[in-house]
Every structure is written in structure tokens, then in C-alpha cells.
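Work through the exercises below with the model open. Each task is followed by a stepwise solution.

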Amino acid sequence: MLSRVAESIYWMARYIERAENLARFIDVTLNLILDQPTSQVPQWEPLVNTTGDEEFFKKHYGVASGENVIRFLTSDAKYSNSILSVLRLARENGRTVRESISSEAWEELNEFYHYVNAEAKSDTALNSPSDYFRNVKQHAHLFNGILDATLSHDAGWHFANLGRLMERADKTSRILDVKYFTLLPSAADVGTTIDDLGWSAVLRSVSGFEMYRRRFRSLRVKKVVDFLILDRAFPRAVQFCLSGAEWSMREITGSQPLTYRNAAERRLGSLKAELAYTDVYTIIARGLHQFIDDLQTKINSIGEGIHETFFAIRPVENTQSQLQKQA
Amino acid sequence: MQADHTFHKYDREQFYDELFDQNGQPRMGARVLINRINALPPGELKQRQSAIDRALLRMGITFTVYGNEQGTEKIFPFDIVPRIVEAEDWQVIEAGLKQRIEALNRFIADVYHNQEIIQANILPREILAKAKSYRQQCQGLKPPHGIWCHITGTDLIRHSDGKIYVLEDNLRCPSGVSYVLQNRMVMKSSFPQAFKDSCVRPVDSYPSRLYDTLSHLSPSQSPTIVVMTPGIYNSAYYEHAFLAQQMGVELVEGRDLVVKDGYVTMRTTDGFQRVDVIYRRIDDDFIDPQSFRADSMLGVPGLMEVYRRGNVALANAPGTGVADDKVIYAYVPDMIRFYLGEEPILPNVPTYVCERPEDRKYVLAHLDELVVKAANEAGGYGMLIGPHSTAEERDEFAHRIQADPRNYIAQPTLALSRVPVMVNGHFEGRHVDLRPYVLYGKEIWVLPGGLTRVALKKGSLVVNSSQGGGSKDTWVVAATESEMDE
């Protein structure tokens, strides 16, 4: 397929996934605050920190109050990673490839965008947050379901799948990172009721509470980390996401398992192997934050590899010599 | 005022109405629909119109009103009452368009080869020489099967005399056919029964006909066909994407294509893939910076050379715009006589060519009655509508005509026919034109339907979407049952 089309499909799917995860981020924070209204631990600031755009936030909002952070992450048209902005980007990408996705997927993308756009004007994210975040998640699920059910699962679909799984892997690790930090201010809190509430909220934020219970039953920090990073069956666990991403990439390139033809495949394969052969004790011993930091750097470099391998527009001469090298 | 969505009080005034005859009775093909609408419970029609508007918004058939930042989008206005074309009118239109396209194709081929029409003193040499859209680079080109204009959208109007005239030929990149298909889709779900009972001819086969037309241009059994668009900022982008999607082919931009080893190829995720046929929705001037405008960022350097060697096909062929010149338009009836030896079935609107001294004299003396048009403007620009003009504007046009007579034509102001539209709870007549679409592949085929553009402003004669126009579904009534099975 056209490189440009592949790139747009990939980003369309990534942005939709990003919108969904933003909704999950904020939703879990709101729930935590409901559960522990008197907590002295700042809940909103870490959310801003995970975006990496603290400067923009400080300049335009100042204080990290709930209202400010919610507005910043949902309806700020000037902030390029708000739900509204990523929806706009998803739609612009979708528009450039609407001939390559199904009409149904395009229509849902439109409906999703129009919903977010209209609700941004009426501040629904602040006035009825639970409705708003539920709807954003529903729209994202609907969109993904329509993609799966109406698009042929050929290269185009695999680029979409790759995009959404890379994004999800990154975001699940971030949710874990930021909540690990806020939920474990001191070792004394471990094992308290507050702690339980907190971790169940984290699991709920990735729709993982029930699935976690089926596997581990009791709430233990290590097990939550194990579940969200290393579980092979839970669809939002990092390990699951990377396996799916690797499968899609192989479907695109035709490479055999345990082989690679380009930087993206090599990096993805090696990260997947790393996760496959580690355990939660090793992760915790090394320091979860450090581990996640490292994980995110690797996920980013896979993203760069995908860009260089499949999307970058190279001059004809270079591409020719590259193709010859590969052949 | 009580909303009244029935036609009991509809006033066709002094105009030709496409749905009602001069006695105010529904025309034959419109009866089922009119009865159906009259029988709807109050408020129902309005609800159906809003359902359609919502569907169009969901389908993303929109344009942005002001700055993307604000995100305010509007749909292209669509009116729920269809325009109905009676079977016997359509037979004339269809035969007339086939004849006209055949003659125009012969003309374009002639212009870029022997120029017999000039040798025979039918078209003055100066007029051709000064046609802005004449492309010297196309001289001697031999497109596959001798077909130049594969896709045409001809603008027709009906005058108060009830006759149908050709207003304009669009042989470059006529747009609007996607609206024909989408309008039909939403109307079918709004009036399924009336639609069925009215024996409306289907339009759904257009994308596969278009595919066949394009496929015919390549000797290959399964050619790689692409639609080429200037990109998402083009006002017709929606249509480019729609047609590519419906045909199941790639939609490409100039930057996706590259000339390599004498062929046009596209950049894909696994290397370069050869392209056989390009349905280009981008003007001649921009397709190849090496042959045409050097500053074009949209085109593909070297494309024309590949085309000249016959290694890629283009639809429409470069150079067809020469027949869109409004002065050359005036000669189409003569072309039909010259190339085909036939009398034109569809007449031109009577046209004064300012280059001819006696025509010019008449035009200058009657500027207040005539519509004056520049030879190479489109979209309702560069026009003087005499009866609605000021003395100052007429003076200005008189000067322009005298300074450059070759560049102007004039036509009488026509009373375009009307169709009812829904406004503020009742029906009023509005002026319309009709753009049918013609494909020239193995044979010439006219899509039984077309884009009815309607001037939504009361009294306005300008139907262009850039100037407050909307559209309607166009129902061509079948003459026989077999016409329903296409």
C-alpha cells in the first residue's frame, strides 16, 4: 500500500487510542479522589507531568486544579494532545485515507469527532464527567470494533492495529507509572485500605479489575504490576500489546518469527523477548519507575523505526539502493 | 404561520416548473411523489430533511465555514424535493449529449493534429490561437483509442420555452458526481415507496462504469488504476476519495508518484509499484512541472514524457480544456455539422462572439439585457448579468470587451426553470440547472441522472455552490422496464 496511506492509517488508529487513554487517565484520577477526598497527595499534578508538557500547562493554566487539568486534557484546542485535538488529528488522517478505510469506520470517526467537538463547547467533561468519559471510551471501542469488522485484515488494517497497540502499550505503562508514584508515597501505606482502593481504581481505569481478580484474586502491588505489564492475555497489558504489534508487523513485512528485515522489527522483537523472559521480581528490584522509563524509551525507538522503515519519503536514488541492499 | 408542507398552495408563478405544468397539475413523473408528500403527517417532511442533514454530516460531506480552529462545519445544502426528468426529455438529453461528446472529442483530436476545422474555415485560426487553454505541448499526442475526453459533465438548462439548452461543456475535471450518488442514497432511505413507484432509473453503476472506462485505456488485463488528487485542501477532495473508494483503487497525491525507468510508479510500503492509468483530478497546468507550470508542487516531474511514450494513460487527456473556452463553445453546433454531418440535437444557448464585429456591435448596444462572460472563467466569476448591473459595471465591461474582444461572449438572460424547495415551512420555486455525466470508453454512456444545482436565494440565477447554491436528487423516469435493470 501507499506509504502515505499506511502512515495516515497508523496515526489515525494511534490518535483514537490516545483519546481513549486520556479519558481513562482522567477517569481513574476522578475516581481516586472520590475514594479518598481528604488525601493530601496531589492527584492532578502527576497527570500533567506525564504529558511532558508542564511548561505549556503552567503558562496557560497555572495551578494544577482538577478543573484546569480536565480542561487542559479534554477540550483545549490549543493543546495538541487534548482529547479534542487528537480527535481532530485522527479525523484529518482519516480524511486523507477515507478511500482506504470503510465508510462505516469513517462515519464513526466523524460522529466521534462531532461528539467531542460539541461537548468541548458545553464543558461536558467538567459538568458530567462520568458521561463524558464513558462516551469517549465507547466511541473509541465502537471505532475499533468497526475497523475490525468492516476492514479487510490486510496491510491497511495491520498498520491500524500496529498503531493502536503501540500507543496502548505506552499508555498502560504511563498509567501504572504515575499511579505507582502517587499511590506509594511511603512504604507505610502499602497494604492499607486506601492502597487497596487506589489499586483497584488503577485496574478499573484500564478495565482490568475483573480480569485481574480472575487471575490473582487478592490485591497486591506486585501482582498488579505483573498483570499490567506481563500478562499475555489481558488486552491492555504491555506484553499483550507488543505481541499483537509484532504479529501485525510480520504480517506487513512477511518476515519469519525470530528474524528481522528492518530496524523496527529488530527493536520490537528484542523488546518483546525482554518482556517474555523477565518477571515482576526483577522489575521491582530494579525499580518500577526506572523500568517503565526504559520501556518507554524503547517503545519510542520502535516508533521511530516504524517511521523510517515504512513511511519516510526518501529520494528515489536512495530508496533504490536500499531496495537493492535488501534484495 | 402554520407550517404547510403540502403543495396545495404552491405557486409556480410565471416560470417553467419541472414538477408542475402550466395548469398547476403535477407532471406525469412527479405525481406519485407529490401525492406522497401531500399525504405526510404535518412536520414529517421537516423531520426527514433533518435526518438527511444529519446523515450528510455523519458522512463528512461538509465544508468548514470559518477557520479550522473553530471547527464549525456545514453540509452542502441539500433540498429534499427531488427534480424529476420525464422519460421523453431524457431521451433527447441522452442522444444530444452522445452526439455532442463525440463531436467534441473529434474536435480536440483535430485541434492537436491536422486542424481540418480551420482549413475548412469553420473555426477562425485566431480564435484557436488565442484560446488560453490550448496546450501546444499536446500537439501530435495520440491518446489510447483516440479518446481525449473520458469524463464530462455538461451543464444544461431549461428555458421558459420548455426547451433544454447546453450552457457549458466541462471537459477538464468536472466534479459533482459523488453528490449524485450520495444524494440518491439518502433520498432512497427517505422516500423508499415513492421512489420505487416512480420508476426512477438507478445511478449506482457509475463507479463500475467509470472503472471500466479507465481500464479500457490500458492494454493490461488488470491495470493499476489510481485517482490523483491535489490533496485534502481541494474543495472536491471528498469526491476524489469517494470515487477511489467506490472503485477500489488508490487515491494518490503528486508526492506519492515518481517517474522511474520510463514508467510512473507509486511509493508503497514495499517499494515502487507501476501505475497504468491515472484519473487525474488536477488541472493540466499542474500535472507536470517539467512540461507545464514549473512552480507546481502538486504534479509529477516527467509525467508527460511517460504519457507521450504511451507508458501511462491519463483521463482526461491533457489539452481537453481547449473545448471549455466559452468562445469555442459557440462553435460546437458547427463542429457537430462538420465532423458528424448531423444537426445538433441539443441547441446551444444563443451566443454572441464579441470577436465578430457585428456581434460585438450588438452586444455593446444591449449590455443591459445580456449576460457577458469571459472566455476562461468558471464558478460564476468574471460575469456581467446585464439586467442586474449598474451603469458603471456596464461601462467597465464595454471597455474590457473593446480592449480584448476575443475574450468575451454574451448570451441573452435566460429564465431558468424552477423546482420547489422547502423554505420556512412551505414550498417556493427556485431556479435550477442540470449537470449530467458522460463517460467515453468502449462507447459513450450517459449516467441516467445528474446533479441538479439549485440557486437557494430567492430570485437568484446563480447555482454555483460557492455562491449560495445547493443540490437536489435528480430522478430520471424510466421509459421501459428494461431501463430499470442497468
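**Exercise 1.** Is Asn144(A) buried or exposed?

Solution. This is a predicted model, where local features need pLDDT of at least 70, side-chain atom pairs count only at pLDDT 80 or more, and totals for chains, interfaces and linings use all residues. Residues are numbered from 1 along each chain as its sequence is written, chains are lettered from A and ligands numbered from 1 in the order in which they are written, and side-chain values use heavy atoms, with hydrogens and water left out.

- Step 1. Set the classes: buried is under 20% relative accessible area, exposed is over 50%, and partly exposed is in between (1.4 Å probe, protein chains only).
- Step 2. Asn144(A) has a relative accessible area of 8%, so it is buried.
- Step 3. Helices here are DSSP runs of H or I with at least four residues, strands are runs of E with at least two, and both are numbered from the N terminus.
- Step 4. List the neighbours of Asn144(A), leaving aside residues up to four places away in sequence: Glu17(A), Glu20(A) and Arg164(A). Contact means heavy atoms within 4.5 Å.

**Exercise 2.** Describe helix H5 of chain A and its surroundings.

Solution. 

- Step 1. Chain A has 17 helices and 0 strands.
- Step 2. H5 covers residues 83–96 of chain A, 14 residues in total.
- Step 3. From first C-alpha to last, H5 reaches 20 Å, close to the expected 20 Å at 1.5 Å a residue. The expected span is 1.5 Å times one less than the number of residues.
- Step 4. Of the 14 residues of H5(A), 12 are buried, so the helix is largely enclosed by the rest of the structure. Among them are Arg88(A), Arg91(A) and Arg95(A).
- Step 5. For the chain as a whole, 54% of the 327 residues in chain A are buried.

**Exercise 3.** How many residues of chain B are in contact with chain A?

Solution. 

- Step 1. The contact involves 32 residues of chain B and 36 residues of chain A.
- Step 2. About 2800 Å² is buried between the two chains, with carbon and sulfur atoms giving 50%. Buried area is the accessible area (1.4 Å probe) lost when two parts are put together, summed over both.
- Step 3. Arg58(B), Arg267(B) and Thr269(B) supply 23% of the area chain B buries against chain A, more than any other three residues.
- Step 4. The interface of chain B and chain A holds 3 salt bridges (side-chain nitrogen of Lys or Arg within 4 Å of a carboxyl oxygen of Asp or Glu). Glu253(B) pairs with Arg4(A) in a salt bridge, the closest N and O atoms being 3.5 Å apart.
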